[in-house]
Every structure is written in C-alpha cells, then in structure tokens.
Amino acid sequence: MTMRWDVSTKREMNAFAREVARSLHGGEVLALEGTLGAGKTYFTQQLAKALDVKTAVTSPTFVLMNIYPIANKKSTIHQLVHLDCYRLDDPQELIHIGITDWIGRPDTVVVIEWADKAREVLKSFNKSTHLIKFLVSGSKRTVVM
Amino acid sequence: MIILSIESSCDETAAAILEITGARFRVRAHVVASQIPLHKKYGGVVPEVAARRHVEIIIPVLDETLRTARVKKADIDAIAAVNGPGLNMALIVGLETAKTLAYAWGKPLIPVNHIKAHMLANFISGEQGRLHRIAFPALCLVVSGGHTSLALLKTPTNIRIVGSTLDDAVGEAFDKVANMLGLGYPGGPAVAQRATAGDPLAIAFPRPMLTSPNFNFSFSGIKTAVRYFIEDKKPQLKNKQFIADVCASFQQACIDVLLAKTLAAAKKYNVKSILLGGGVSANKELRKQMRNACEKMNSGIQYFEPDIAMTTDNALMGAIAGYFEASELGLEKFRNGWKKVRPQVVLDL
C-alpha cells in the first residue's frame, strides 16, 4: 500500500522522518528517489537524529558512503549506513564500494540516495527495500512511500 | 629523508616520492592515475568512480613512480600511506600495498590522515626549493567535493577542526548547480569558467549561516535556491548571459560565506597564517578574494595557497604529512608499522 505525505514544511518532513525511524528495527534498506534539492539528504539527517546518531550527517555524494554509529546502546540498530548513487555510471560500483558488507545486516539500516540509478542491483540483493519518492512541485513537497 | 607515499582514499590512485633535506625539498616523482596517459598503456579509461580500479592500477602507478624518481629501495627512508578517512574498499588497496612494501623492504610505515595532507600541501611549491616558512598557529580552509572544514593548526601535526559543513560540501554544491544548468561533469570548473562572464550581484542567492555564532557551513540551501530560481526560467537556460549571471551569483554567495567564516575564525584564534586546501581551492575567484581579504586585514597574517596540481587528491601531500609525523615522533616509532596500521573509514584529526 502506498502512502502519500505532505512534507512542504520542515516540521512536516521532520515528523515524517520520525515516523519512519519508529518503524525501523534493523536490517531495512531505504531507497530514496527524487530530484536535486528534493530533500533526500535533509530527510536522512532527520532520520539519523531520530535514530540517535550524534554526529552531523552530511551528503555522501562525493565520498559515496558514510557510516554513523547509533549512540543509544539499547537500540537494536547499531549503525546507519548512508550511500549515494549520484556519481555512479555503473550501478555495479555499489558492490565495489562495499555495500554488501552492510545490506540486510540485522543491526544496520541502509539509506541509499539516487536509488533509481541502481534499481537492478538493489533487486539482486533480494532484501526487502522500502522505496521513498520525494516529489517537488512549486513550493509543495510530497513523499510517497 | 626520502619518503614514498601512496594514496587511494576515494577516486584517485596516486604515488609520489619526496626528498626533504634540512629546509629543502625535491619532488622525485608525482604520479596520479587519472592525470597520466597510463590507462592507455594498461587498457581502458579510468572512470570517475571506480573503487575496483585501485586494485588494477596501483602497481602500474608505483612502477611509474619508482622509475621516474630513479630511486632504489635502499634510498627510501619511510613509506607513508593514507589510512583514512575514505572508503574502506578504496583505502585498503593503497594501505595493503604500502604494508606489503614496508614488510618486504623493512621500512617504517607512517599512516597519514587524508584531510591533514590536504592542508600540509601548502608547504611546497614547484618541483624543488625551500619549504615555505608557515607561521603557526595557522588556519586552513579545506574545500572539496566531499569536505568543507575550517581547521586550526597549532603545529603541522597538532590540528583540530573548528567548523564544518552541516550538509553538502561546497564542491558538491558547485557540481549539482552545474548539473541543473546542463554544464556537465565535473561541474566545479565549468561553473567557475561561466562565472567569469557573469555579474556576481545579478541574483541575490542566500548566504546560509553567515551570521551564525560558529564556524560551521551549509551549502544545501544555496543549491536549492538556485533550483527554485531557474525552475520557471527554463527557456533562459539557453541564454549564455543568464547562465553566466547565475554561475557568478552562486559562486559569490559561496565565496562570501567561506571568506566571512575564515576571517572570523582567524581573528578568534589569533592565527598568523591562513591556508587553503582541497579541490575547490583551485577556484581562481576564491583564491583572489581570499588573498585580497588577507591583505586588507592588515594584521600581518600570511596567506598560502597550494599549487594547482596539489589541490585535488594526490600522494605528494601525503609525503609531506608523513615527513612532519616522522620529524615530530621520530622514524623509530613507525618501524614495524605494517603490523598496526588499519584503514579508518572515519578518522578524526
């Protein structure tokens, strides 16, 4: 079932990120799709905050992958892995940068920006991937999940 | 001291050999995989991102380095290699190569921080000469596709970050704006080039965090502002002057924030030198405005900028960093370094 959220304000986007964070237990893969400036990194920052990541979450576009420890020792999730396919010409590169070390690990949540560039590779992992689409139209922002 | 240095933390595979005697240096070799016609010899093009290519190209790069340097293994005093921050799968290639050599040749192995190395690139200019006399404490603005930070250097080895971007690095913002304007990849140089014909005051893009009471940055908002600005002006994207004005105004918004934060931090920490580092430090307008601003301060602060060839990832800067580590702690400390050094995906200064 797909759901639609209005996230035109930061407040609404933050609430959406908190809602997603509450549903995570570890082992999930979030595939983010949406154009430049649609709010993918902002969403991930708010998600990280809700998951109790204490360090600043920055865009992984150039560094390709960032790994953030979860501060809350009681959480079943121990790290948030943040990847970005923006610069990848060949989606197989996801494998070469080490995504298989993390995907499906029960103590890890993997967030992938520009996931539309690597749909086939993500499918091949055979793990349930939650697709989140970020849509922008004028000043209205919507997410579809 | 002769140092062999290896770098493979992200996209580039590189090696270099640097000789430092007293205050004089000589670059014996400086090889970066994407910048030499090496790939013609060994087949294929070196793609922009290719973690696996490090494995294929590291030995040819080393071979080229040792041959051009005319250095025998007996002449080498130490091996320096970047151990982080970076991608695990990329770091491991250069680091394991360095460890293997250190083990086989019985040489000290000095682990080097990639970001520190960018800062210390300021110590040399050209192929040989004197090391620059940089007065400390110094402040370094590190700007690249992946990083935007202000660092306080008490000495060449005692460094701490005093501010960083909270979202996008400035080089990434340049790149994504280039993409929106259809200027291709890599976008930084393309935006800077178009900006030379534009009016930096044409469009008032925001200057995020300009007045925030810290030394952090945010560039995501400028990027999004450009996106909104061009959204209803699609036909104008074919107009060269329009593109030039957008580029110049965007670039100036970024430079204004970088300059203001750097100068404020320089005052607060009472530094004697200001340094630039990283890929975006090749931006001519940033260099010019930072130089002018330092002169205007009239406080005797010296300004340094790295050679253009040293702005993007390379191994020479790692050799300089390795030299200062060895000078500070002594080479003995790094003997049998191959036993201890591991890649550090996250590595603080």
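Reader: How accessible is Met209(B)?
Author: Met209(B) is partly exposed, because its relative accessibility is 23%. The classes are buried under 20% relative accessible area, exposed over 50% and partly exposed in between, with a 1.4 Å probe and protein chains only. This is a predicted model, in which local features need pLDDT of at least 70, side-chain atom pairs count only at pLDDT 80 or more, and totals for chains, interfaces and linings use all residues. Residues are numbered from 1 along each chain as its sequence is written, chains are lettered from A and ligands numbered from 1 in the order in which they are written, and side-chain values use heavy atoms, with hydrogens and water left out.

Reader: Understood. What is phi at Met209(B)?
Author: Phi of Met209(B) is near 65 degrees, which is positive although the residue is not a glycine. Met209(B) sits in the loop that runs between helix H6 (187-195) and H7 of chain B. Helices (H or I, at least four residues) and strands (E, at least two) are DSSP runs, numbered from the N terminus.

Reader: And Arg70(B): what is its phi, and where is the residue placed?
Author: Arg70(B), again a residue other than glycine, has a positive phi of about 50 degrees. Arg70(B) belongs to the loop between helix H2 (53-69) and S4 of chain B.

Reader: Why is Arg70(B) placed in its accessibility class?
Author: Arg70(B) counts as exposed because its relative accessibility is 73%. Met209(B), by contrast, is partly exposed at 23%.

Reader: Turning to peptide bonds, what is omega from Gly84(B) to Pro85(B)?
Author: Omega is near -10 degrees there, and the bond from Gly84(B) to Pro85(B) is cis. Pro85(B) is located in the loop between strand S4 (78-84) and helix H3 (88-105) of chain B.

Reader: Is the bond between Phe136(B) and Pro137(B) cis or trans?
Author: Phe136(B) and Pro137(B) are joined by a cis peptide bond, with omega about 0 degrees. Pro137(B) lies in a loop of chain B, between strand S6 (128-130) and S7.

Reader: Let us move to helix H9 of chain B. How far does it reach?
Author: H9(B) covers residues 284-297, 14 residues in number, and its first and last C-alpha atoms are 20 Å apart. That is close to the 20 Å expected at 1.5 Å a residue; the expected span is 1.5 Å times one less than the number of residues.

Reader: Which of its residues are buried?
Author: The buried residues of H9(B) are Leu286(B), Arg287(B), Gln289(B), Met290(B), Ala293(B) and Cys294(B). An α-helix has 3.6 residues a turn, so residues three or four places apart point the same way.

Reader: Which residues does Ala151(B) touch?
Author: Residues up to four places away in sequence are not counted; beyond them, Ala151(B) touches Met119(B), Ala138(B), Leu139(B), Cys140(B), Ile159(B), Arg160(B), Ile161(B) and Val162(B). Contact means heavy atoms within 4.5 Å.

Reader: How far apart are Ala151(B) and Ser8(B)?
Author: From C-alpha to C-alpha, Ala151(B) and Ser8(B) are 23 Å apart in space, and their separation in sequence is 143 residues.

Reader: Finally, chain A. Where is Asp107(A)?
Author: Asp107(A) is in the chain A loop that lies between helix H3 (93-96) and strand S5 (108-113).

Reader: Is Asp107(A) buried or exposed?
Author: Asp107(A) is buried, because its relative accessible area is 16%.

Reader: What is Asp107(A) in contact with?
Author: With neighbours within four places in sequence left aside, Asp107(A) is in contact with Thr76(A), Ile77(A), His78(A) and Gln79(A).
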